[in-house]
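Please find below my notes on this model, as numbered points. They are meant to be read alongside the coordinates.

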Amino acid sequence: MEIFGIPIQAFLGQLLLGLVNGSFYAMLSLGLAVIFGLLGIVNFAHGALYMMGAYVAFIALDIFGINYWGALLLAPLVVGAIGVVIERTLLKHLYKIDPIYGLLLTFGLALIAEGVFRDQFGVSGQSYPVPELLQGATNLGFMVLPNYRAWVVLASLVVCLGTWFIIERTRLGAYLRAGTENPALVQAFGINVPVMVMLTYGAGAGLAALAGVLAAPIIQITPLMGSNLIIIVFAVVVIGGMGSILGSILTGLALGLIEGLTKVFYPEASSIVVFVIMAIVLMIRPAGLFGKEK
Amino acid sequence: MGTPSAFDISKRSRIAWGLGLAVLLAAPFIGLYPVFMMKALCYAIFACAFNLLLGYTGLLSFGHAAYLGAAAYATGWLVRSAGWSPELGVLAGTLLAGVLGLGVGLIAIRRQGIYFAMVTLAMAQMIYFVFLQAPFTGGEDGLQGVPRGKLFGIISLANDTVLYYVVLAVFVAVFLCIIRIVHSPYGQVLKAIRENEPRAISLGYDVDRYKLLAFVLSTTLAGLAGSMKTLVLGFATLSDAHWSLSGEVVLMTLLGGMGTFAGPVLGAFTIIGLQNFLADQVGAWINVIIGAIFVICVVAFRRGFIGELLAWQQRRQAKEDRK
Amino acid sequence: MKLKKVASICTAVATISAAVFTASAQAQISGDVIRIGLITDMSGLYADIDGPAGAEAIKMAIADMGGAIAGKKIEILVADHQNKADVAAAKAREWFDTQGVDLLIGGTSSGTNLAMSKVALEKKKVFISVGSATAALTNEQCSPYTVHWAYDTVALAKGTGNAVVKAGGKSWYFLAADYAFGAQLQNDTSNVVKAAGGTIVGSVKHPLAASDFSSFLLQAQSSKAQILGLANAGGDTINSIKAANEFGITKTMKLAGLLMFINDIHSLGLKATQGMYLTDSWYWNRDAETRAWSRKFFEKIKRMPSSVQAGDYSAALQYLYAVKATGTDDADKVLAQMRKTKINDIFAKGGFIREDGRMVHDMYLMQVKTPAESVEPWDYYKVVETFKGETAWTTKAESKCPTWK
């Protein structure tokens, strides 16, 4: 059976893989959007935090024998704590000055993190086993889908929607949103804005780490896994519009699918299609698809 | 980004600049490895070009390596495979970088501040992937074996020392060109845009046109750096267009001093020197060191070497004036 | 104004400090020391195949020569090219210009070796490529200063390609690493397969050190070819094989690892690789002599040597023999000596260097043992066929080397 001249197996298979990639784009751009929306910092270190989450899972298994499910809990906590420390010691000095410094600082942090892990682990990558519960594959007829990848799509959807819900629909989210618009006023109401900001960065870091643990069994864990991804995530965020959390989730998923489609019909272009779309969107809607012009 | 602003060129300072120039002129004879010096000078050109955009116009282009890489590949291919003479190859590469800058600029100018930086980064990444795929670049292997040829058909550039002086001449020309641009009326408008864009708009300036022109100038000169580098080293590879180089040029400018003339040069020599000297000793830690310098610069050393120096001088001057 | 003076002094200071940085690189051009330089992948994808252990193998050769020749000390310099051609070329040039390196040994990665070969040609110094695969080094890019020591893509193609087609694998799909090596290996193997009566159904390129092979493997699977030819090496091969197992590709296609080293088998385990054919230039368990040398290596490195590491040892040793015989480290004289001398050491017996720079020696077609057949750790191969001397390599008729007619 063929679709546009391509066997349906190949088509749906690539689409499914695209959906998996899209889940990662969504999770990471969500974290980036949360941090930027609430802190005004473009967190270039997001890729490095994702990478650290994967390594925490690896080290936890390798040295402490903590399995995947434990790592899902542990990695976000550990990396989140690191995020809190970063915010308290370094980032808080930068809120009042030009946001490019935040970008540059987090860029520097990403380099440090990558360098340290490169020194320890080399560049060639570690593998992480798929947890027993999720091993094996389901034969869907048109392709063999490893169960683990189905789990990744599910888990990231739950996490993304959960985060969106917390920020847009709960009281805590309301405080967060208010806190960024007018910290002085919110502080006057008795809410501890600096602590809130600190925890927000930590939560963003934790989200990135969670994505890292989810990614660990699929790809080689290397120190560079974050930096390759972060630039695409930047493009996703620009396309989706920084102001909107739902925007980044939807854009991330959509772009993953589009990338998968491109791999079927025109594989050479698959690595640049995201950027081409970004250029087009910027020509038509400079604020991004869901963005609010600030 | 309030560094003390550019100074005028008085007669005494011309003598002072001569001091630095003297060292550079004497370099091959005082035991400095010419290939290293040439490489550092090319990256100094790159950093000065970048500084024009960041220090003097206030625009952070986070994907500037794309233009260096584009020119590097263009010159490499033209000189090696199309048999062009080196000066024409360099010219072509430089112009290509400018055209590329125009294209990216037209898209990126629509956004400001931090978005501008992200867009430039994303566009640069796209250009990187195009280079990865394009057959003429040689992909991962790079474009190798670029001959140095004969300048204007008569002066052979095969000798390291001869080429060194050619590179030095180009560097000095670029340096003077940037000084000229900064001091011109156009440069004053750029400064106004950097300091208060809304006010510049309200004064009636077509801010986007000015910014675009600065962007194109900057990318053109960055291309010149790339073209020269290809002649010096004999190859153009993906590293020339990689985002890590884009980050390094920011660091060179920041470390040396944004918005100063000597700053980027100092920063370039420092970073290239560090990489050359330390890379073998410390291996992967070189990235940690570079990252740490970034962090320290942003948190505590925003004005960079020259900027801090000038600020200190101004404080001393102010103290003396008060007496 | 005073400010500018200070500022320009700072620039001067910077340039002088750059001089200090390079002062260490500004070593005396030696006449008194024989320097061997190894530029290879020390920390990345191919680090196990050659890497730091390759440097150790060269040190073993230096030790076997007594550490010095006619009073001149022998030294080794090592650098990591990170699989980047520009880093390799720049390092090679710097070493020739400022460190007086006499012999440059090229480790893994074809792109870097092609670049280093060019630099050696320009500087007229001896370059022995041990770890790289591309046959272009002795064909289109042949040079009087380059010797290709251990193996190349033509030999791999002739070996494994023919064996797999003979065993029934007629239709092929290639998964190739997207750089000189992958393209060359795919090309050479395609020629062999077609000549043997097979067909090429299609191919796909993956980026070097790719992290996720799933989409490429899906494309391979939808081609319905019998054989998936892996035109990649090291970490990439390991990951492709793992992912192929994960996606059930191995149920419908057979995998042909066109370049595999003993480290890859060790990493994947015999269960995943048993029955696979591979062509290699050397095996530690080949005979008593290789076993003895390998055990010495094992004591230091705790791993059995790969063919590349043994090649490093052999290349360094033969070079040093030639230096001893001629009494000089002049590149032309030493190369002439090496070309006259038959190579008999733990690596090759009756080997010799041909005019195109190819070091001609026997190649082995081997098959990976089943877990049951393996009697000790690292006992992974059985030798199926030996390709003697010239039969393994590019023939004069096929050669594209412009200076070998």
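**Notes on the predicted complex**

1. Helix H12 of chain C, residues 307-326, is 20 residues in length and covers 28 Å between its first and last C-alpha, close to the 28 Å expected at 1.5 Å a residue. This is a predicted model, and the remarks that follow should be taken as such. Of the 20 residues of H12(C), 16 are buried, so the helix is largely enclosed by the rest of the structure. Just after H12(C) comes C:Gly327, with a positive phi of about 75°.

2. What does helix H2 of chain C pack against? The helix runs over residues 51-64, and its 14 residues reach 21 Å from first C-alpha to last, close to the expected 20 Å. Ten of the 14 are buried, which leaves H2(C) mostly covered. Among the buried residues are C:Gly51, C:Gly54, C:Ile58, C:Met60 and C:Ile62, and C:Lys59 is also one of them. The partners of these buried residues, all in chain C, are strands S1 (33-40), S3 (72-80) and S4 (103-106), together with helix H11 (288-301) and the H12 of point 1. After H2(C) comes C:Gly66, whose phi is positive, near 85°.

3. Confidence in chain C should be stated with its exception. The average pLDDT of the chain is 87, and 92% of its residues score at least 70. Over residues 22-30 of chain C, however, pLDDT stays under 50, although the model has 16 contacts beyond four places in sequence for this stretch. Where pLDDT is low, the predicted coordinates should not be read in detail. For the complex, the predictor gives an ipTM of 0.87 and a pTM of 0.87.

4. The contact between chains A and B takes 34 residues from chain A and 35 from chain B. On the side of chain B that touches chain A, the elements giving two or more residues are helices H5 (113-133), H10 (243-256) and H12 (285-300) of chain B. H5(B) supplies the largest share of that side, 14 residues. By residue class, the side of chain B divides into 26 nonpolar, seven polar and two charged residues.

5. Which residues touch the most other members of the largest nonpolar core? They are B:Ile45, B:Ala122 and C:Leu228, in a core of 358 residues. Helix H1 of chain A, residues 8-39, gives this core its largest share, 19 residues. Leaving aside neighbours within four places in sequence, B:Ala122 is in contact with A:Ile231, A:Phe234, A:Ala235, A:Val238, A:Phe275 and A:Met278.

6. Chain A has eleven helices and four strands. Its radius of gyration is 19 Å, close to the 19 Å that the globule rule gives for 294 residues, so chain A is as compact as a globular protein of that length. Along the principal axes, its C-alpha atoms fill a box of roughly 65 × 50 × 35 Å. Buried residues make up 56% of the chain. Of the contacts in chain A with a separation of 6 or more, 77% are between residues 24 or more positions apart.

7. Chain B has 13 helices and two strands. Its radius of gyration, 20 Å, agrees with the value near 20 Å of a compact globule with 323 residues. The C-alpha trace of chain B spans about 65 × 50 × 40 Å along its principal axes. Of the 323 residues in chain B, 57% are buried. Among its contacts between residues at least 6 apart in sequence, 78% join residues at least 24 apart.

Notes
Residues numbered from 1 in each chain as written. Chains lettered and ligands numbered in written order. Predicted model: local features only at pLDDT ≥ 70, side-chain atom pairs only at ≥ 80, totals over all residues. pLDDT = per-residue confidence, 0-100. Contact = placed C-beta atoms within 7 Å. Nonpolar A, V, L, I, M, F, W, Y, C, P; charged D, E, K, R; others polar. Rg over C-alpha atoms; globule rule 2.2 N^0.38 Å. Buried ≥ 20, exposed ≤ 12 C-beta atoms within 10 Å, placed from the backbone. Expected span 1.5 Å × (residues − 1). Core = buried A, V, L, I, M, F, W, Y, C linked by C-beta atoms within 7 Å.
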